There are 2 protein chains.
Amino acid sequence: VGPGDDCAVLHTTSPFCITTDAVVEGVHFRRGDGPLEDLGHKALAVNLSDVAAMGARPRWFLCAIAAPSLTLAEVRALGRGMAQLAKRFSVALVGGNVTRARELSLTLTCVGTTAGRPLLRSGGRPGDTLYVSGTLGGASLGLRALRMRGHRFRGACRRQRRPEPRVALGLLSGKYASAAIDVSDGLLADLGHLLRASSVGAHLLASRIPVDVEVRRAFGASARALTTALVGGEDYELLLAVPGDRTSAFERACARAGETVHAIGHLVRDPGLSLLDGKGRLMRLPAAGFDHFRGRRR
Amino acid sequence: VGPGDDCAVLHTTSPFCITTDAVVEGVHFRRGDGPLEDLGHKALAVNLSDVAAMGARPRWFLCAIAAPSLTLAEVRALGRGMAQLAKRFSVALVGGNVTRARELSLTLTCVGTTAGRPLLRSGGRPGDTLYVSGTLGGASLGLRALRMRGHRFRGACRRQRRPEPRVALGLLSGKYASAAIDVSDGLLADLGHLLRASSVGAHLLASRIPVDVEVRRAFGASARALTTALVGGEDYELLLAVPGDRTSAFERACARAGETVHAIGHLVRDPGLSLLDGKGRLMRLPAAGFDHFRGRRR
């Protein structure tokens, strides 16, 4: 059913995944940081990332806009940012809402369909290898760079404003992974969610964490580069647990598909999270995570 | 799949309806007007009403909360308001999001399933009888009464704060109606949406409009009572078009189910909306509607 009715009417015979996520002015973005197009992109990207983390194919989305006022040009910019991403992933806008509010926010709901069983946080087992896609820490560095209003770290600023949801990797992983989550709150925080849901622990190898190249450049060899990669949020990479007998096939499939993944450790029976240096010695963990209520990384 | 994953996973073999609607502090409610429980109720009710207008059965919902800060007692109050309504209609909370914002708002997404074909706005045909459920104007009077901080018009205040979605009537109407819409923006505005979608006009009989009893008491025999019923929004009644050969069966089914509906006019071939007095004479239409951007009835 086309637009204009009280609801969209959709149909799928397979199970579907549904998620809702919001971006709010002053919390997740500032208007002066760049074009509103980026905001449209990010609002959809963070929802697509949740669907990707389930190993599902995003299909439809709804967009609720709250704003004090918007010019037609501003609405068009938001729409363009969403439309470009939606087109790339063949996701259709099927509904929405517009209301007045004191600050601009976009609350999107995304629906995806699963081909096989969905990837859950709870499927991880001792012995599984932990993989993370892409690189980490860039979005966090980008946030700081935007605050300082310099012209450095362009790549990191772009990662902060236009995150890339790992949809193809999520779909591919459905066949291999035992558990998955997207890295929105920071690697340690999101790994913590996966460990609790799977009732396991993990050993992480510090030297294997894929630190963003600009984060390395910003902090050099100091511990801060690693810390930024471990606790900086909003990278929207995928964290995957893959059983040992499927790791080779998984890595080959990723290579064929042009998806970059890094084995960063493995799951263990004993609860808790250990970070190990190159010699297998225990390192101190940085305080992790994103406080959703304070809305800022600690 | 239980809570805690990146998405909820759901399954239905029939087509499903999906809608999103928000309630925002300072636009749709003020905190001082009453308990936060009412806000939880209203946020879910307005979404259930959209599903009801499609003749669908509401099944699941997601709740995105944005707030400057909330005490545990406040979160519980919001939850209680939603939970009571959700339990009555067997609707399950399957996901959500929490973020900081300058003002409190709830953006809910509701999913329903259809047994037969969904009721659309576009199905109305010339000759169909127009029905509206319940009474009109109460929620609008309630809004004004809340602003005046008196203790009058308790029923109207309740209608404003705790609207009752017409879920059972929507389900029943699927078998009889050709078109439906819920009355959220006001009868004239929403009838206008239905007329445009169906490419028809309508004759409305002023004497048949079910004016809320407190609206009558507030405005007496003045034209303002009728105007409030015609343009006051947020009553969340259903407006239905029923083909002539099904009106008797529809009215009997409503009577059996204890659903109150009023025949208020009929659809005609010529576009436009005519309001007729008891002698069939054309009356002047009040300016209609709810401006979503200004967020207030004009």
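**Entry 1**

Buried means under 20% relative accessible area, exposed over 50% and partly exposed in between, using a 1.4 Å probe on protein chains only. I am working on a predicted model, where local features need pLDDT of at least 70, side-chain atom pairs count only at pLDDT 80 or more, and totals for chains, interfaces and linings use all residues. Residues are numbered from 1 along each chain as its sequence is written, chains are lettered from A and ligands numbered from 1 in the order in which they are written, and side-chain values use heavy atoms, with hydrogens and water left out.

I started with A:Y131, which is buried because its relative accessible area is 1%. A:F250 is buried as well, at 0%.

**Entry 1: ring pairs**

Next I looked up aromatic pairs: rings of Phe, Tyr and Trp (its six-membered ring) pair if their centres lie within 6.5 Å, and planes under 30 degrees apart count as stacked, over 60 as edge-to-face and the rest as tilted. I found seven such pairs over all chains. A:F16 and B:F16 form a stacked pair, because their ring centres are 4.4 Å apart and their planes are at 0°. A:F16 sits in strand β2 (residues 16-24) of chain A and B:F16 in strand β2 (residues 16-24) of chain B, so this pair joins two chains. Helices (H or I, at least four residues) and strands (E, at least two) are DSSP runs, numbered from the N terminus. Both A:F16 and B:F16 are buried.

I then went back to A:Y131 and A:F250: their ring centres lie 4.9 Å apart with planes at 65°, so I noted the pair as edge-to-face. This pair links distant parts of the chain, 119 residues apart, with A:Y131 in strand β6 (residues 129-133) of chain A and A:F250 in helix α9 (residues 247-257) of chain A. I also saw that ring pairs link A:F16, A:W60, B:F16 and B:W60 into a cluster.

Which way do β3 and β4 of chain A run, parallel or antiparallel? Strand β3 (residues 57-67) and strand β4 (residues 92-100) run parallel, joined by eight bridges; two strands pair if DSSP finds at least two bridges between them. A:C63 has A:G96 in β4(A) as its bridge partner. From β3(A), the chain passes through helix α2 (residues 72-88) of chain A to β4(A), in a right-handed β-α-β crossover. Right-handed means that, with the strands pointing away from the viewer, the path from the first strand over the helix to the second runs clockwise.

**Entry 2: a helix in chain B**

I checked the length of helix α1 (residues 36-52) of chain B: its 17 residues should span 24 Å at 1.5 Å a residue, and its end C-alpha atoms are 24 Å apart, which agrees. The expected span is 1.5 Å times one less than the number of residues. For α1(B), 17 of its 17 residues are buried.

**Entry 3: two positive phi angles**

A:E234 has a positive phi of about 70° although it is not a glycine. I found A:E234 in the loop between α8 (223-231) and β9 (237-242) of chain A. B:S90 also has a positive phi, about 50°, and is not a glycine. B:S90 lies in the loop between α2 (72-88) and β4 (92-100) of chain B.
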